[in-house]
Amino acid sequence: MWKPKYQVLTILLMLAFILAACGGGSSAMSPEELIAASATHMNDLAGFEFGLKYDGEPVIMDADGLTKFTSATGQFNAPDQVSATVKASAASMVVEIKMIGTNGLSGGMIDPGTLDIGLWIDAETLDVHRVQVEDATGGTWQLDMWNFGSTFDIQPPL
């Protein structure tokens, strides 16, 4: 699995082609320049908080097919610390799972391949506030980010 900083950079660069085709806007930077500057900025951040949700066919989280992803909220510390509370449904219950890891925010639930991606970038701060990814099944992943530049006390379980 890619490290988070490479995932962000890859997503931002892939969108450069989409934004270039759209054109327009009164920004002092071209879409390509904005995306490149934002990728550098986001890679240099100490951390941020995030929320991840999915709209589409259920995403199975276990081998038996009983646990389905609903949403997640958490914190990210550069370069590779993630702490998240994942909400899932299991049988007829809703469960919360606390996860601490050192890899990508989606936990490998987004299938690799060609993806349609949308970005919401603040042209002044270069913060990426939202990444929306449509997967191969037509489902939509939405990653919202805030509290840019913050760091969090992420400790492994004892």
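Set aside neighbours within four places in sequence, and Ile97 is in contact with Ala84, Thr85 and Val86. Contact here means heavy atoms within 4.5 Å. Ile97 itself belongs to strand β5, residues 93-101. Strands (E, at least two residues) and helices (H or I, at least four) are DSSP runs, numbered from the N terminus. Val86 lies eleven residues from Ile97 along the chain, with 5.0 Å between their C-alpha atoms. Ile97 is partly exposed, because its relative accessibility is 31%. The classes are buried under 20% relative accessible area, exposed over 50% and partly exposed in between, with a 1.4 Å probe and protein chains only.

A word on the source. This is a predicted model, in which local features need pLDDT of at least 70 and side-chain atom pairs count only at pLDDT 80 or more, while totals for chains, interfaces and linings use all residues. Residues are numbered from 1 along each chain as its sequence is written, and side-chain values use heavy atoms, leaving out hydrogens and water.

Now step back to the whole chain. The protein has two helices and eight strands. From the N terminus the order is α-α-β-β-β-β-β-β-β-β. Of the 158 residues, 34% are buried. Among contacts with a separation of 6 or more, 52% link residues 24 or more positions apart. The accessible surface comes to about 9,200 Å², and carbon and sulfur atoms hold 56% of that. These areas come from the Shrake-Rupley method with a 1.4 Å probe; for residues, only the protein chains shown count as cover.

Take helix α2 next. It has 14 residues, 31-44, and reaches 20 Å from its first C-alpha to its last. That is close to the 20 Å expected at 1.5 Å a residue, where the expected span is 1.5 Å times one less than the number of residues. Which residues of α2 are buried? They are Leu34, Ile35, Ser38, Ala39 and Met42. These residues cover an arc of only 135° around the axis, so they sit on the same side of α2. The arc is that of the directions from the helix axis to the C-beta atoms. An α-helix has 3.6 residues a turn, so residues three or four places apart point the same way.

Asn77 is in strand β3, residues 67-77. Is Asn77 buried or exposed? It is buried, because its relative accessible area is 5%. A polar atom of the Asn77 side chain lies 2.6 Å from the backbone oxygen of Phe152. Beyond four places in sequence, the contacts of Asn77 include Ala46, Gly47, Ser150 and Ile154.

Strands β6 (residues 116-121) and β7 (residues 128-134) run antiparallel, joined by six bridges. Two strands pair if DSSP finds at least two bridges between them. Asp116 stands opposite Glu134 in β7. Six residues lie between the strands of this hairpin, and Leu126 takes a positive phi near 70°.

Finish in strand β8, residues 140-146, with Gln142. Gln142 counts as buried because its relative accessibility is 11%. Its side chain makes a polar contact of 2.9 Å with the side chain of Gln132. Another, also of 2.9 Å, joins the side chains of Gln142 and Asp144. A polar contact is a pair of N or O atoms within 3.5 Å; within protein, one must be able to donate a hydrogen and the other to accept it, and residues adjacent in sequence count only if both atoms are side-chain atoms. Beyond four places in sequence, Gln142 is in contact with residues including Gly51, Leu52, Lys53 and Arg130.
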